[in-house]
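Please find below a colleague's note on the structure.

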Amino acid sequence: MENKTAGSGCGGWLRLAGALATVVMVLVVSAGLALASDGGGHGGGGMPQLNPATMPTQLFWLIACFGTLYFLLFATALPRVEEVLNARDSRISFDISKADELRNDSNLALAAVERVLDQARSEAHDVLAKTAHEGHAAMQARMVRFELEISRKAKEAEKRINATKAAALSQLELTATDLAAEVTRRLAGIELDSATVTGAVKTAMRERN
Amino acid sequence: MDPLHQFHIKPIISLVIGKYDLSFSNSALSMILVVTLIYALMAYGMRNRSMVPGRLQSAAEIFYEFLAGMVRENAGHDAKPFVPFVFTLFMFILFGNLIGMVPWAFTFTSHIIVTFALAIFVFLMVTLVALVKHGFKFFTFFMPHGVPIWLAPILIPIEFISYLSRPISLSVRLFANMMAGHTMLKVFAGFTIMLGSSLGAMGYAAGMLPVLINFALIGFEILVACIQAYVFSLLTCLYIRDALELH
């Protein structure tokens with residue numbers, strides 16, 4: 001009856017629960033009836049818990065057992081547990097502080113390494129810059145030397161060329177003089193003196209140049 | 001077939017002192033078994049005092065840390081001296097409840113006299129602690145701060161009665177839970193037997209249904225066994241806090 005008033009969504013579950021509860025109730029009631037008809041054959045009649053005759057023994061053994069257990073735990077077992085737990089706690093906190101210490105140390109060492117590395121890096125940079133500078137200067141100096149040498153050699157060569165040219169020209173003059181004298185002798189049959197020929201050739205060559 | 005039959009106290013070794021029957025009974029046997037088991041767990045488990053605990057030592061430490069934490073959180077830091085008592089109380093009730101789940105074993109926590117004795121001890125201890133610690137000021141506990149004075153005639157009796165009913169609620173809760181659970185299991189189990197004995201094979205086949213229900217109920221009862229031990233010790237912690245702090 002209550003199922004109908006419940007939401008339709010969970011109606012199925014409610015119906016199932018209701019059916020289960022009904023089955024359980026039927027079982028309980030029938031079992032109860034069966035037990036009632038069994039008729040307290042053990043003659044207890046009512047709850048054994050309410051029988052005052054059994055109370056002294058229960059109280060006596062309860063006090064004895066509970067007291068013994070309390071004393072045993074209080075005096076021996078629990079201090080041992082506490083001791084172990086405390087030892088573990090202090091060990092853990094000691095380990096944690098040790099780990100912190102070690103971490104600090106390693107951080108310091110790391111910083112030192114970093115510092116040394118930085119220093120080495122800047123030194124290397126300096127050396128590199130210095131070397132580059134020195135190399136540049138040396139190169140520059142060598143270039144100047146080379147240029148001087150080259151210009152000297154060029155001058156020498158020029159001088160040599162000029163000398164050779166002059167020699168060649170004078171040789172050419174002589175040859176031309178001889179040739180001119182020979183040509184005039186053979187073609188015109190005139191024997192000219194060498195001074196005249198030389199002067200003529202010189203004049204001609206000057207005109208040509 | 002009487003489902004209450006399981007709660008009968010049966011003497012094993014008769015012992016009568018004066019007019020009192022202090023016989024060693026099935027209940028006492030269960031109690032001694034429980035004490036032995038707890039002490040074995042705590043003493044044998046911790047025998048190596050290992051920095052890295054084994055299985056048994058872990059169990060012992062977990063129980064201890066659980067209860068020390070419960071006392072610290074619910075009764076305050078001043079309640080540290082009560083840790084052994086709450087520990088003993090919890091373990092005694094928990095093992096008593098759980099050992100009762102073993103077939104043919106006796107559940108001593110299903111007797112009101114046992115749970116009431118434990119509860120009244122807690123009640124007296126807590127009241128004594130409050131009286132020793134706060135003296136006459138203890139009685140302000142029944143008249144909270146900031147309440148108009150004309151409410152006092154109503155409030156003080158209410159607070160007083162609620163204070164006095166603490167041991168009753170504490171003990172009845174545990175006893176009723178244990179008794180009801182075990183009775184229910186017995187009723188369902190008995191139903192299977194009756195079906196079988198009256199209907200034969202057919203009856204036993206139909207009797208599988210109560211067995212299935214018992215199957216679920218036993219899981220539930222194990223849960224209840226743990227929860228009731230927890231509730232009992234938790235309330236003890238709260239009462240200790242009240243005694244130490246008076247609100």
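1. The crossing of α1(B) and α3(B) is right-handed, a crossing being left-handed if the near helix is turned anticlockwise from the far one by less than a right angle and right-handed if clockwise. Elements are DSSP runs numbered from the N terminus: helices are H or I with at least four residues, and strands are E with at least two. The model is a predicted one, in which local features need pLDDT of at least 70 and side-chain atom pairs count only at pLDDT 80 or more, while totals for chains, interfaces and linings use all residues. Residues are numbered from 1 along each chain as its sequence is written, and chains are lettered from A and ligands numbered from 1 in the order in which they are written.

2. The two helices pack at an angle of about 120 degrees, and the axes of α1(B) and α3(B) are 9 Å apart. Axes are lines fitted to C-alpha atoms, for helices over the stretch in contact, and angles run from 0 to 180 degrees between N-to-C directions. α1(B) and α3(B) are therefore oblique to each other, since angles under 35 degrees count as roughly parallel, over 145 as roughly antiparallel, 65 to 115 as roughly perpendicular and the rest as oblique.

3. From α1(B), the residues S30(B), L33(B), V34(B), L37(B) and I38(B) meet M91(B), F92(B), F95(B), G96(B) and I99(B) of α3(B); contact requires C-beta atoms, placed from the backbone, within 7 Å. By class, this contact has 8 nonpolar, 2 polar and no charged residues. Ala, Val, Leu, Ile, Met, Phe, Trp, Tyr, Cys and Pro count as nonpolar, Asp, Glu, Lys and Arg as charged, and the others, Gly among them, as polar.

4. The buried residues of α1(B) include M31(B), V35(B) and M42(B). A residue is buried if 20 or more other C-beta atoms, placed from the backbone, lie within 10 Å of its own. The buried residues of α1(B) pack against α3 (55-188) of chain A, and also against β4 (24-25), α2 and α3 of chain B.

5. Between the chains, 46 residues of chain B are in contact with 43 residues of chain A. α1(B) gives the largest share of the side of chain B that touches chain A, 9 residues. That side has 34 nonpolar, 8 polar and 4 charged residues.

6. Chain B as a whole comprises 8 helices and 4 strands. Of its 247 residues, 38% count as buried.

Technical notes. Two residues are in contact if their C-beta atoms, placed from the backbone, lie within 7 Å. A residue is buried if 20 or more other C-beta atoms lie within 10 Å of its own, exposed if 12 or fewer, and partly exposed in between; C-beta atoms are placed from the backbone.
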